[in-house]
Amino acid sequence: MNAKLKGNILMTVAKTFSGLNQNALRYLLPTWMSAQTGVVFRLGFGTLFFIIYELFVWKKFQLPKWKDIFILVGSGLIFVFGYMWALLEGLSFTTPISSSIFISLQPVFVFIICLIIKTEKANVKKVSGMLIGFGGALLCVLTQHSSVIATDPMKGNLFCLLGAFLYSCYLVIEKKYIPTLGSPLVSALTFGGGAIGSLILICFSGWNAPVLHQSIFSTPMLVLLFVLIFPTSISYLLQDFSLKLLSATVVALYSDLILIVSAIASYIIGQDKFSWWQILAIALMLLSVYLVESSEKTSRDELANKTLKTVNK
C-alpha cells in the first residue's frame with residue numbers, strides 16, 4: 001500500500017474517534033466527572049497504554065538521551081496537559097460542534113509555528129486560509145448564545161481555542177522525535193509529563209468522579225471506557241504512525257474530520273441545535289483547511305520538481 005494512502009487511512013480512523021470523543025466527553029462533563037478529573041483519567045490511562053506498548057517495540061529504536069527525555073516530558077507537561085485540560089474545561093461550557101470548530105484551527109496554528117521556526121514559507125493561499133480560519137472561529141464566538149448545553153459559550157470557546165494552539169505545538173515537537181525514538185516512547189514520555197501536570201492540578205481542584213460509582217455496563221462507564229481506549233490511546237497511536245508518513249501540517253488538516261463527525265453526531269443525539277451561523281463557521285473552517293492543504297501540495301510539488309531538475313543537471 002502506498003505510504004501516503006496508508007497515512008491518510010490511519011488519520012481518517014484516528015480523527016473519526018476524535019470526533020466522537022467530543023460528544024462522549026460532553027456527555028460526561030460535568031455531570032459524571034469534572035474536567036480536572038477527566039484529564040487525570042485520560043493522561044493516566046494513555047501513559048500506561050504507551051508504556052506497555054513500548055515494552056514490545058523498544059529494541060527497534062535508539063534509546064533517548066537525557067536531554068530528549070527532559071524536552072519530551074516538559075512538552076507533555078505544558079502542551080499535552082494544557083491541551084487536555086483546556087479541551088475538557090471548554091467542553092464543560094460549550095457544545096461539541098463549537099469545540100470542534102476551534103480544533104479545526106490546528107493547521108493554521110501549525111503553519112504559524114512552522115513559519116516562526118522557518119520550516120514553512122508564507123504564500124497567498126496559506127495566509128488567506130489562516131485569515132479565513134480565524135474569521136470562522138471569530139464568527140462562532142460572536143454568534144453563539146447561552147443554552148442548556150452551552151452554559152457559557154464564550155468561556156468554553158476561548159478554552160478550546162487555547163487547546164487548539166497547545167495541541168499544534170505538540171504536533172510540531174512530536175514530529176521531530178518520532179523517526180528516531182519511535183511513537184510509543186515519544187507518546188509515553190509526553191503523556192507521562194502531562195499526567196504529572198494533571199496530578200498537580202487535581203491536588204488543588206479536588207477529585208470529582210461520580211462515574212466510578214456506576215456499574216461497568218452502565219452508559220456513563222461505557223462512554224468513559226470508549227474515551228480512554230479509542231480517542232485517548234488508539235487515536236494517538238494511529239496519529240503517531242501517520243506522522244511518519246505525512247507532514248505535521250497535513251496531519252493537522254485532519255482536524256476538519258473531527259468537526260464533521262462531531263457535527264453529525266451532535267445533531268443526531270441532540271447535543272446541539274441547527275444554526276445557520278454555525279454552518280457558515282464550519283464552511284469557513286473547511287475552506288481554510290482546503291486553502292492550506294492546497295498550498296501545502298503546491299509547495300511539495302515545486303520542491304519535487306526543483307529536486308528533479310537538480311538531479312538531471
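This is a working chat about a predicted model of a helical protein.

Me: How much of the protein counts as buried?
Reply: 54% of its 313 residues.

Me: And contacts between residues at least 6 apart in sequence, what share joins residues at least 24 apart?
Reply: 87% of them.

Me: OK, helix packing. At what angle do α2 and α3 pack?
Reply: About 135°, with the axes 9 Å apart. Helix α2 covers residues 35-57. That angle makes α2 oblique to α3.

Me: Which hand is the crossing of α2 and α3?
Reply: Right-handed.

Me: Which residues make that contact?
Reply: From α2, they are A35, Q36, G38, V39, R42 and L43. From α3, they are V80, F81, M84, W85, L87, L88 and E89.

Me: And by class, what is in the contact of α2 with α3?
Reply: Nine nonpolar residues, two polar and two charged.

Me: Now α2 against α8. How do the axes cross?
Reply: At roughly 155°, coming within 8 Å. Helix α8 spans residues 183-205. Angles over 145 degrees count as roughly antiparallel, so α2 is roughly antiparallel to α8.

Me: Left-handed or right-handed, α2 passing α8?
Reply: Left-handed. The contact of α2 with α8 has 15 nonpolar, ten polar and two charged residues.

Me: Back to A35. Buried or exposed?
Reply: A35 counts as buried, at 4% relative accessibility. A35 sits in helix α2.

Me: What is A35 in contact with, leaving aside neighbours within four places in sequence?
Reply: L29, L88, E89 and S92. L88 and E89 are also among the α3 residues in the contact with α2.

Me: How far is A35 from I202 in space?
Reply: 9.9 Å, C-alpha to C-alpha. In sequence, A35 and I202 are 167 residues apart.

Me: And G38, what is its relative accessible area?
Reply: 0%, so G38 is buried. This residue also lies in helix α2. Not counting residues up to four places away in sequence, G38 touches M33 and L88.

Me: Switching to rings. How many aromatic pairs are there?
Reply: The structure holds eleven. One of them is Y83 with Y167. That pair is tilted, with 4.6 Å centre to centre and 45° between the planes.

Me: Why does the pair of Y83 and Y167 tie together parts that are apart in sequence?
Reply: Y83 lies in helix α3 (residues 66-91) and Y167 in helix α7 (residues 153-181), so the pair links parts 84 residues apart in sequence. Both Y83 and Y167 are buried.

Me: What about F109 and F165, what kind of pair is that?
Reply: Edge-to-face. The centres are 5.5 Å apart, and the planes are at 80°. F109 is in helix α5 (residues 106-116) and F165 in helix α7, so this pair ties together parts 56 residues apart in sequence.

Me: Are those two buried or exposed, F109 and F165?
Reply: F109 counts as buried, at 10% relative accessibility. F165 is partly exposed, at 35% relative accessible area.

Me: Which residues do ring pairs link into a cluster?
Reply: F49, F50, Y83, Y167, Y170, F191 and Y236.

Me: Stay on α5. How many of its residues are buried?
Reply: Eight of eleven, so α5 is mostly covered by the under 20% cut-off. The buried ones are Q106, P107, V108, F109, V110, F111, I113 and C114.

Me: Backbone next. Which residue with positive phi follows α5?
Reply: K118, with phi near 65°. Most residues other than glycine have a negative phi.

Me: And where is the cis peptide bond?
Reply: A cis bond joins L29 and P30, with omega about -15°. P30 is in the loop between α1 (3-28) and α2. L29 is also one of the contacts of A35.

Conventions
Residues numbered from 1 in each chain as written. Predicted model: local features only at pLDDT ≥ 70, side-chain atom pairs only at ≥ 80, totals over all residues. Heavy atoms only, no water. Phe/Tyr/Trp six-rings, centres within 6.5 Å; stacked < 30°, edge-to-face > 60°. Helix = DSSP H or I, 4+ residues; strand = E, 2+ residues; numbered from the N terminus. Buried < 20%, exposed > 50% of the residue type's maximum accessible area, 1.4 Å probe, protein only. Axes fitted to C-alpha atoms, helices over the stretch in contact; angles between N-to-C directions. Parallel < 35°, antiparallel > 145°, perpendicular 65-115°, else oblique. Left-handed = near helix turned anticlockwise from the far one by under 90°. Contact = heavy atoms within 4.5 Å. Nonpolar A, V, L, I, M, F, W, Y, C, P; charged D, E, K, R; others polar.
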